[in-house]
Amino acid sequence: MFSKIKKQLQPKIKTLGSVLAKTPLVMRMLENLGFRDYDLPLAQSEDSRFLVLLIALMSFLSVLACSGTFALNDMAARWSSGLENKVTIEIAVETKDGHLLSNKTVRKETKKLAKGLKNNPMIKSLAVLSNAEIQELISPWIGDSLTLNDIPLPGLIAIELRNTNQKSLNTLKSDMLKLSKYARLETHHEWLGDLINFTRTLKNLSLFITLIIASVTIIAITAGIRTRLAIHQKEVCLLHAMGATDHYIARQFQRHAMILSLKGGLVGTVFGLVTTAIIIFLSSHSGTTLIPTIKISSAGLALLCLIPIIASTIATITSRFTVLRNLSKIP
Amino acid sequence: MIKFENIGFKYKESGEEILHDINFTLESGSYHFLTGPSGSGKTSLMNLMSLGNMPTEGQMTMFGKKISSLKREDLFELRQRIGVVFQDFRLLKHLSIFDNVALPLRIMGESDENIKNYVSELLDWVGLEKHKNNLPPTLSGGQQQRVAIARAVIGRPKLLLADEPTGNLDDEIGFRLMGLFEQLNRMGTTIVIATHNANIIEQFGHPRLILGNGKLHSSQSSNAPIAQKIRNVF
């Protein structure tokens, strides 16, 4: 039955296709997409494949660098929002003068502190971390083989404040010290600030790498276009002799560069996205909390998908300017 | 149409003076042979007339415009009024005969419909309509020459320059080719043909520009009977 329908439809589709292909608008679109031969023999050039490969490689590296930037951005945002209005009070094992507290004293001091702060108006919620929770927190560094009895553990109270301005933090600190002289207030700001600074440095590094990739691409395209101009100098001069403007000739090169870079960009981006997906999968299935889970927002993903278009735009503009600059030297 | 006053030309790279103190005027609708021994500067003079190079000395006036006072952008439009037949044809090997001939019209921004009509008409005129989808390397020297001429005249140029157009052709085809030029000239195109084929110059008897050692020696005219005969034929 299907073959019968196919038989009936095939000639109609063919006719429709040929009618469409002959309409001026479609013809122009096809021509702009490179279906009409170039006036210059650019499509025959041997180094077209090299340019596609180069753009593919650059796009692949750009996807990885941008993925890194977006993932770090996302990670910093998650850390910041996860710790908003949260502080920790610690009963440290070691006192300021260097004495070690027994586990029993630590537990006792922690309980006393939690009880005293429970009804504090600045505190929204409060929770004493159990030994199991503390062990879970420190297990990535010391392993699971040690029992709690082997090491002294600090007392930890996780607190969510109503707000974290400096005044309320100072009040909390003084209330806390009234209840226990061993207590220390950990606001996370210091280490989080360091971490965010580190993340920002990595992010800037990724952006710098992306810029280097873009610069290398521009230099390679410029060199490629100059070589093409030298190879096809005779044909370029012929077009000039016929009255072709620099823009007419430049359009040929830019269309050529656009199509090649779009091809390369698509290939490189697909490979880059697959690699990123593998890295994300491995990070979420690593089984250790030391490696943070990598995530890329949907906006970030959409931007990554734009890389072939960005690569193609860079190639088009670069080729245009290179050709125009070189042609301006011809009378 | 063309006025050269004290024109000199030397290549920047070598500094060698190719042409010096060239003076002549070509009226609109005229037909001239440019002749002289090899290395006398014929091709350089043709390049100046086709605006492929700019003179290093003197004043060049074309189509009533002083070239030295024009901007580079203005030259593109002037070049579109000039058709050039190169000695080595310079056909684009990757393009079909149709696309080669259509090239000047595409550059001028002519519509696809007009291009189709004009090119088909012209290919018919030069007897190559059935070869329109062929690539240049599949044609003989004479056929390629006719494609080159069709490409040079498709834009209806005011000035047609041909550098040794009969150089690669046998006498019969050369004679027919000259007939095409006569016909174009009768339609108002100014023609300059660079050749050192004394036979053709004598037979067709148009005024001559004689170059020697980069200098224009004389401008002579003749009225050979064969030219008159060809004029009567077309």
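Modeller: Two residues are in contact when heavy atoms lie within 4.5 Å. On that rule, and leaving aside neighbours within four places in sequence, A:Leu117 touches A:Ile89, A:Ile123, A:Leu126, A:Ile159, A:Leu172, A:Asp175 and A:Leu179.

Colleague: What should I know about the model and the numbering?

Modeller: This is a predicted model, where local features need pLDDT of at least 70 and side-chain atom pairs count only at pLDDT 80 or more, while totals for chains, interfaces and linings use all residues. Residues are numbered from 1 along each chain as its sequence is written, chains are lettered from A and ligands numbered from 1 in the order in which they are written, and side-chain values use heavy atoms, without hydrogens and water.

Colleague: Why is A:Leu117 called buried?

Modeller: Buried means under 20% relative accessible area, exposed over 50%, and partly exposed in between (1.4 Å probe, protein chains only). The relative accessible area of A:Leu117 is 1%, so A:Leu117 is buried. A:Leu117 belongs to helix H4 (residues 103-117) of chain A; helices (H or I, at least four residues) and strands (E, at least two) are DSSP runs, numbered from the N terminus.

Colleague: How far apart are A:Leu117 and A:Leu179 in sequence and in space?

Modeller: They are 62 residues apart in sequence, but their C-alpha atoms are 8.5 Å apart in space.

Colleague: What makes B:Thr195 buried?

Modeller: Its relative accessible area is 1%, under the 20% limit, so B:Thr195 is buried. B:Thr195 sits in the loop between strand S8 (190-194) and helix H7 (198-204) of chain B. Beyond neighbours within four places in sequence, B:Thr195 contacts B:Phe33, B:Leu34, B:Thr35, B:Gly36, B:Lys42, B:Glu164 and B:Ile201.

Colleague: How many helices and strands does chain A have, and how many does chain B have?

Modeller: Chain A has 11 helices and four strands; chain B has eight helices and 10 strands. Buried residues are 36% of the 331 in chain A and 53% of the 234 in chain B.

Colleague: What makes a space a cavity and not a pocket?

Modeller: On a 1 Å grid over the protein atoms alone, a cavity is a set of points where a 1.4 Å probe fits but cannot get out, whereas a pocket is an open set with protein on both sides within 12 Å along at least five of seven lines. Lining residues have an atom within 4 Å of a point. Points are joined across faces, edges and corners, and volume is the space filled by probe spheres set on them.

Colleague: How many cavities of 30 Å³ or more does the search find?

Modeller: One in the whole structure. The largest cavity holds about 150 Å³. Its lining has 15 residues, with A:Met242, B:Ile82, B:Gly83, B:Val84 and B:Arg151 closest to the centre. S6(B) gives the largest share of this lining, three residues.

Colleague: What lines the second largest pocket?

Modeller: The lining has 32 residues, and A:Cys237, A:Pro331, B:Asn47, B:Gly52 and B:Asn53 lie nearest the centre. H8(A) gives the most, six residues. The volume of the second largest pocket is about 950 Å³.
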